[in-house]
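The entries follow the order in which I looked things up.

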Amino acid sequence: MIAHEIDYRIYGEEMQYVEIELDPQEGVVAEAGSFMMMEDGIKMETIFGDGSKNDSGFLGQILGAGKRILTGESLFMTAFYNNLVGKRKVSFASPYPGKIIPLDLTRFGGKFICQKDAFLCAAKGVSIGIEFSKRLGRGLFGGEGFIMQKLEGDGMAFVHAGGTMAMKELKAGEVLRVDTGCIIGFDHTIDYDIEFVGGIKNTVFGGEGLFFAKLQGPGTVYIQSLPFSRLAGRVLASAPQTGGKSKGEGSVLGGLGDLLDGDNRF
């Protein structure tokens with residue numbers, strides 16, 4: 001498997017986007033909805049699966065699309081090709097505040113495991129597949145279910161982390177315990193399992209759930225400080241409910257204060 005060699009540059013701080021420079025006939029595949037902008041000469045094509053050699057032929061394309069359904073993603077991916085002689089650029093944006101992480105898959109032995117919604121884009125030729133959990137406890141309580149995404153190949157791939165990203169290099173036998181929703185991804189050499197928090201007070205009143213994710217080295221682990229599920233939960237908790245009232249943050253005048261503050265919802 002030989003992926004296209006692409007150059008890139010990441011812009012921004014909290015709301016980042018990645019600009020990828022394509023040589024003639026080079027291509028990049030991306031999640032539907034991540035496209036931001038492209039220069040003249042870039043051809044966009046909607047494809048089944050990931051467009052890698054593993055998906056060659058009609059049956060391969062159907063299997064590739066089926067894998068994406070299992071990970072909760074769209075049936076289709078979008079490929080972008082440079083059809084001109086000179087270099088051309090195409091950009092992809094992160095879906096919510098956080099960091100874009102470039103991954104050279106050759107550094108991970110050609111395989112990297114990540115959460116289902118972390119993948120952003122990759123060089124043409126990188127395979128985006130599925131990784132089944134063989135452990136019942138991890139599948140039921142691990143936060144990511146039985147299925148995670150698997151990136152395979154020898155090219156560049158880009159994943160997105162919510163909030164701030166932390167990278168940990170674990171030595172052989174070294175253990176790191178993480179909130180199950182805070183995992184972005186890890187090296188395929190990492191042993192991933194779940195562990196009961198323990199203690200009645202921790203379980204009932206701790207507010208951190210019943211289980212930790214237990215990651216054991218050797219290998220590299222990427223952690224995010226703000227999982228999208230946590231962000232969405234806070235937004236929903238603060239949003240006005242149907243038939244209810246707004247919290248009116250920062251104003252003792254309630255609805256009148258909203259009008260004065262420039263929030264003119266009716």
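This is a predicted model: local features need pLDDT of at least 70, side-chain atom pairs count only at pLDDT 80 or more; totals for chains, interfaces and linings use all residues.

**Entry 1: Salt bridges in total**

I began with the general point that side chains of opposite charge can pair when their charged atoms come close. I asked how many salt bridges the count comes to. The count comes to five salt bridges.

**Entry 2: Glu13 and Lys99**

I looked up the pair Glu13 and Lys99, whose side chains meet in a salt bridge at 3.8 Å, N to O. Glu13 lies in the loop between strand E1 (7-11) and strand E2 (17-22), and Lys99 lies in strand E8 (residues 98-104), so this pair ties together parts that are 86 residues apart in sequence. I then checked accessibility. Glu13 has 52% relative accessibility and counts as exposed, while Lys99, at 22%, counts as partly exposed.

**Entry 3: Glu19 and Lys89**

I turned to Glu19, which forms a salt bridge with Lys89; the closest N and O atoms are 3.7 Å apart. Because Glu19 lies in strand E2 and Lys89 in strand E7 (residues 88-93), the pair ties together parts that are 70 residues apart in sequence. Is Glu19 buried or exposed? I found Glu19 to be buried, as its relative accessible area is 15% and the cut-off for buried is under 20%.

I next examined Lys87, which forms a salt bridge with Glu21, the closest N and O atoms being 3.9 Å apart. This pair links distant parts of the chain: Lys87 is in the loop between strand E6 (76-82) and E7, Glu21 is in strand E2, and the two are 66 residues apart. Both residues are partly exposed: Lys87 has a relative accessible area of 43% and Glu21 has one of 21%. I also noted that Glu21, Asp23 and Lys87 are linked in a network of salt bridges.

**Entry 4: The sheet**

I asked in which order the four strands of the open sheet stand. The order is E1-E2-E7-E4, and the pairing is antiparallel. E1 and strand E4 (35-38) are the edge strands, each pairing on one side only. Neighbouring strands of this sheet are turned by 20 degrees against each other on average, direction ignored.

Notes. Residues are numbered from 1 along each chain as its sequence is written. Side-chain values use heavy atoms; hydrogens and water are left out. A salt bridge is a side-chain nitrogen of Lys or Arg within 4 Å of a carboxyl oxygen of Asp or Glu. Buried means under 20% relative accessible area, exposed over 50%, partly exposed in between (1.4 Å probe, protein chains only). Two strands pair if DSSP finds at least two bridges between them. Axes are lines fitted to C-alpha atoms, for helices over the stretch in contact, and angles run from 0 to 180 degrees between N-to-C directions.
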